[in-house]
Amino acid sequence: QSGRIAATPATAPEDFAGEVVDVEGRWVIPALNDLHTHSYGNMGPNRAFDYAGTPQVARRMLFSGVAGFLDLFGDERTLVGVREKLRSPDNLGAELFASFSCLTAPEGHCTEYGTPTRVMSNPEEARTQVTELAAKKPDVVKIVYSPTGRMPSIDKDTLAAAVSTASENGIKTVIHVNTWNDVRDAVEVGASAVTHVPVGPIPDDLASLMAEKGVYSIPTLAVQTDYHHFLHDPAVLDHPLAKALTTDALIAAYRDKETVEKGRERLDRSKAREKMILESVGVMASAGVAILSGTDAGNYGTLQGYSIHRELLKLVASGLSNWEALAASTTRAGKFLGRDFGVSPGSEGHLVVLDASPIDDIRNTMKIHMVIHRGKVVDRDGLLGQ
């Protein structure tokens, strides 16, 4: 009744009156979580859009074995209400976690989309903005920090004020970064997590410093490395899960002949960039940095619900074990969000039953036999029919 795992007995108690599900010969894992999304829908080349909306994205997420997703910037007023609805007991979809807004410099990144966002120019404004936002109880505060980027950015003192004010309010911070020096500054001011992986080798001491300070990394490998796979590897978008989770028109946009040919001109450079980014994630993981799964879905080269499985595949390609990749999306994601996502008594009852072992092959997370949400078996086909 609580929606949590009550116990793990070898057999059902004699007085058990609930539903019995036979999973013999299959594998049970905690449901996955995507800790970097923009949940309006999907974007493709040539102005192709799949404006599903956050409630429908939540259903697509659950269909794909994702129980929770963290939206790191959308329409603040809308997301506050949508989060409340998606957390109701009768919600037919994954749970929404959200930063609501994106804190950035005037004319900085996040202001270019036409969606209202919060801006700040100095430490005083940072404290004011975070305090106002904290009253709405966001799950995290997202801050853009990229002083050497092509768009305006807050400075380090303003970043420090925003981070400390969030901390005083008991809220974790996720910092959008562009360079490794941005990462270093974020670590030094006490950020909870950084998102994205800068291009170029990670400095020798930085991964150890991140591990020492307990700063999480949300690499978003899907958005940074999967676009050329969408264009040039037909099997990626031919996968049944990909086809189920977006429109035929959006997939067709990635197969437009001119778009594919333009991408081919940059293919070698894209592959080299992917290799470098994966190597940096491997260095961080080897140093003990806690890695979290996040896709930046909503951008090119991603699909809501599908790309989390691609993210796990890429985490493994970075050098994480299959166990570690799963943890990045389940138990460790729960720890970051202050929740218990696992398979032990007391853990929340969000589970995925797989037809093949993800420890043998991480791609098997896509072989979904059944999804259990809040302790109940989900009608997956019904989710996409809503």
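Biologist: How do H6 and H13 lie relative to each other?
Modeller: In this predicted model, H6 and helix H13 (residues 267-287) pack with their axes 8 Å apart at an angle of about 45°. Helices here are DSSP runs of H or I with at least four residues, strands are E runs of at least two, and both are numbered from the N terminus; axes are lines fitted to C-alpha atoms, for helices over the stretch in contact, with angles from 0 to 180 degrees between N-to-C directions. Under 35 degrees counts as roughly parallel, over 145 as roughly antiparallel, 65 to 115 as roughly perpendicular and the rest as oblique. H6 and H13 are therefore oblique.

Biologist: Good to know! What pLDDT do side-chain atom pairs need before they count?
Modeller: Residues are numbered from 1 along each chain as its sequence is written, and side-chain values use heavy atoms, leaving out hydrogens and water. Because this is a predicted model, totals for chains, interfaces and linings use all residues, local features need pLDDT of at least 70, and side-chain atom pairs count only at pLDDT 80 or more.

Biologist: Which residues of H13 meet H6?
Modeller: By class, their contact has six nonpolar residues, one polar and no charged, where Ala, Val, Leu, Ile, Met, Phe, Trp, Tyr, Cys and Pro count as nonpolar, Asp, Glu, Lys and Arg as charged, and the others, Gly among them, as polar. Contact means heavy atoms within 4.5 Å. On the H6 side we find Ala-207, Ser-208, Met-210 and Ala-211, and they meet Val-283, Met-284 and Ala-287.

Biologist: H6 also packs with H5; how many charged residues are in that contact?
Modeller: Helix H5 (residues 180-188) and helix H6 (residues 206-213) have axes that come within 10 Å and cross at roughly 25°, so the two are roughly parallel. H5 passes H6 in a left-handed crossing. Trp-180, Val-183, Arg-184 and Val-187 of H5 touch Leu-206, Leu-209, Met-210 and Lys-213 of H6. Sorted by class, that contact has six nonpolar residues, no polar ones, and its charged residues number two.

Biologist: Which hand does the disulfide of Cys-102 and Cys-110 have?
Modeller: The structure holds one disulfide, a pair of cysteine sulfur atoms within 2.5 Å. Here Cys-102 and Cys-110 are joined, S to S 2.3 Å, and both are buried (under 20% relative accessible area; exposed is over 50%, partly exposed in between, with a 1.4 Å probe and protein chains only). The torsion about the S-S bond is about 75°, so this disulfide is right-handed.

Biologist: What is the relative accessibility of Arg-47?
Modeller: Arg-47 lies in the loop between strand S3 (42-44) and strand S4 (48-50). Arg-47 is not a glycine, yet has a positive phi of about 60°. Arg-47 counts as exposed because its relative accessibility is 76%.

Biologist: And what is the relative accessible area of Lys-137?
Modeller: Lys-137 sits in the loop between helix H3 (123-134) and strand S9 (140-144). Its phi is also positive, near 60°. Lys-137 is exposed, with a relative accessible area of 60%.

Conventions. A crossing is left-handed if the near helix is turned anticlockwise from the far one by less than a right angle, and right-handed if clockwise.
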